[in-house]
Amino acid sequence: MAMIPSFFDNRRGTIIDPFTWEPFKDFPFPPSSLVSHENSAFVNTRIDWKETPEAHVFKADLPGLKKEEVKVEVEDDRVLQISGERSVEKEDKSDTWHRVERSSGKFLRRFRLPENAKVDEVKASMENGVLTVTVPKEEVKKPDVKAIEISG
């Protein structure tokens, strides 16, 4: 018969079951009002950038944000800037927070666009929490080839 390992808690004089043990259960965590929401900004906003024959396409996962909370801008030097802010959820004094993992605060991501980007024709749309920014590309002109007659 296999034995399941257990641990002895000297502070309490009890055996700890490793499958149900919660190591942080007795740690005094500060109430949610003391947690700085400004410092928990979701700077880890993930953005994909792919290039197709026609355009550069950026996709950002922004769950829970409305399009009014997101800005898409192009600066003069061909820098695409995507920013936004997720508001902090209203706190009720009678609420007891057990875990705070969802990020809130501001985010900002910047991308330098290549020379072939048509910055005057950028389009953005948002659907199901996914922002899609499409930057059309200039057509690559093939150089004109002129045959030169060789004399001699």
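Before the close-ups, a word on the ground rules. This is a predicted model, in which local features need pLDDT of at least 70, side-chain atom pairs count only at pLDDT 80 or more, and totals for chains, interfaces and linings use all residues. Residues are numbered from 1 along each chain as its sequence is written, and side-chain values use heavy atoms, with hydrogens and water left out.

**View 1. Lys137 and its surroundings.** Lys137 is buried, with a relative accessible area of 14% (buried means under 20%, exposed over 50%, partly exposed in between, using a 1.4 Å probe and protein chains only). Leaving aside neighbours within four places in sequence, Lys137 is in contact with residues including Thr52, Glu54, His56 and Asn116 (contact means heavy atoms within 4.5 Å). Take Glu54: 83 residues separate it from Lys137 in sequence, yet their C-alpha atoms are 5.6 Å apart in space. The Lys137 side chain also reaches the backbone oxygen of Thr52, at 3.0 Å.

View 2. Strands themselves are DSSP runs of E with at least two residues, numbered from the N terminus. Look across the pair and you'll find Trp49 opposite Phe58 in strand 4.

**View 3. A cluster of rings.** Ring pairs tie Trp49, Phe58 and Phe111 into a cluster (rings of Phe, Tyr and Trp, the last by its six-membered ring, pair if their centres lie within 6.5 Å; planes under 30 degrees apart are stacked, over 60 edge-to-face, and the rest tilted). The count comes to 3 aromatic pairs by this rule. For Phe58 and Phe111, the ring centres are 5.2 Å apart and the planes meet at 45°, so this pair is tilted. It links distant parts of the chain, with Phe58 in strand 4 (residues 55-61) and Phe111 in strand 7 (residues 105-112), 53 residues apart. Phe58 and Phe111 are both buried.

View 4. Now for 3 strands in the order 5-6-7, forming an open sheet with antiparallel pairing. Strand 5 (70-75) and strand 7 stand at the edges with a single partner strand each, so one side of each has no neighbour in the sheet. Strand 6 (residues 79-86) is joined to strand 7 by 8 bridges, and Ile82 stands opposite Arg109 in strand 7.

Terms used. Polar contact = N/O pair within 3.5 Å; in protein donor to acceptor, adjacent residues only side chain to side chain. Helix = DSSP H or I, 4+ residues; strand = E, 2+ residues; numbered from the N terminus. Pairing = 2+ DSSP bridges.
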